[in-house]
Amino acid sequence: MRDHFNAVAAAVDAALTGGEDFLANYRAEDSTFIRFNRSAVRQGGHVREIELGLSLIDGRRAAEETISLSGDAAEDAARAAAAVERLRAVIAASPEDPYLLVNAEPRNSERTIGKPMPASAEVIDAVMAAGRGRDLVGIYAAGPVWTGFANGRGQRNWDEAQSLNADWSFYAGGDKAVKTSHAGFDWDAQAFAAAAEEAAGRLDALTRPPRTVPPGDYRAYLAPAALNEILGMLAWGGFGLAAHRTRSTIFLRMIEGGARLNERVTLTEATAAGSAPSFQREGFLKPDAVTLVDRGVYRDCLVSPRSAAEYGVATNGASRAEVPASLDMAAGELPEADVLKALGTGVYVSNLWYLNFSDRSSGRLTGMTRFASFWVENGEIVAPLNVMRFDDTIYRMLGSELEALTAERALWLDPGTYEGRTLDSVRLPGALLAGLRFTL
């Protein structure tokens, strides 16, 4: 694949004239998909695709196009050269871009992570064993994703990531299910079996009569999957420089009003420890880490090249959307095995969904519990909870009401496959809250 990428990049380079430059963003995947329902294989599939995002630059004018490639070097070289001709015609009628910023100091890089994935039969056997006597539903996706960058200045960056993601649930009936996942860079049958066993224990608890509790503040434990949904909302326009300069960030009270989060909260864009590539579409390499929140205090923004040009600051290789791709939340000291005991009496929240901002400038979020959430008394699960809605601020959830974070952390690989498998990752603990505000 790297040879194919280099051949296509060379063809684009050869098609340039005068003072033209180019940015080539290459992406390919070779993915296996298996869909399960009622603990049986319902659909198996395989996707192999290659695409090239090509930008042609002439001075401060630029135009871009994305084309599909076949994998044949000669054929794809011709496709790329033809795309250059089309873009040249577009540039001739395009205005200058005042915020165009590309990397003027070429830096090459190469990374390979993960191990070759197992044969599908091995995974199917493990899933069937876990689902025996239960209704298991979900999807398994695995295989390599290749990402490359090239420009007319000789810069070449290459990334190969082998990963897998088993995103699945044990369905109990009605609106009750236990959702979990097993993701990583190497298939671990024992870890998958352990995750299934833990989920099976919570499935048994779902068979008890459900409990409804009135609205109010309750002690709560947010499992990593639930906390990940909250962090996903913070990432939606929260950490980018453009959001901060336009005052649309959810952290507005932190950057203007002196508010802060709990000192236990440290958030980092940890590129070196994540699964996403260390380079972005304009050719800038990302630092190993960018500290976003340091012990409750906001520190640095993610700065895309366009924001850097607009606001006159240095870029740190952020994407155009200025969202984290390898978010890391520091661990705490609470052993995961002691979570129920530490919770005492309150709500155990496994998953959240339907999150949105109820007041972005005040840092307020709303959302609903989902799947296996439980009412806990004296450190013991008593009953599954009927669906509840929370409405609270990050300054309470990750601030005044945060009692502890777990010592163990979960790695979450984005299971999204829209236009291709994503490589974003989050590593985070669970969170124990003295109070979470439920409104219905």
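Predicted model: local features only at pLDDT ≥ 70, side-chain atom pairs only at ≥ 80, totals over all residues.
**Stop one: helix α4**

Select residues 189–205. This is α4, with 17 residues. From first C-alpha to last, α4 reaches 25 Å, close to the 24 Å expected at 1.5 Å a residue.

Next, colour the buried residues of α4: Phe192, Ala195, Ala196, Ala199, Ala200, Arg202, Leu203 and Ala205.

**Stop two: Asn165**

Move to strand β6 and pick Asn165. Is this residue buried or exposed? Asn165 is buried, with a relative accessible area of 9%. Draw a distance from its side chain to the backbone oxygen of Leu413: 2.7 Å. Beyond its neighbours within four places in sequence, Asn165 has contacts that include Tyr140, His182, Asp414 and Pro415.

**Stop three: helix α1**

Select residues 2–15. Helix α1 has 14 residues and spans 20 Å between its first and last C-alpha, close to the 20 Å expected. Highlight His4, Phe5, Val8, Ala9, Ala11, Val12 and Ala15, which are buried. Look down the axis of α1: these buried residues fall within an arc of 155°, so they line one face. Turn to the other side for Asp3 and Ala14, both exposed. Finish with the packing partners of the buried residues of α1, among them β1 (21–37), α2 (73–91) and β6 (156–173).

Technical notes: Residues numbered from 1 in each chain as written. Heavy atoms only, no water. Helix = DSSP H or I, 4+ residues; strand = E, 2+ residues; numbered from the N terminus. Expected span 1.5 Å × (residues − 1). Buried < 20%, exposed > 50% of the residue type's maximum accessible area, 1.4 Å probe, protein only. Arc of directions from axis to C-beta. Contact = heavy atoms within 4.5 Å. Polar contact = N/O pair within 3.5 Å; in protein donor to acceptor, adjacent residues only side chain to side chain.
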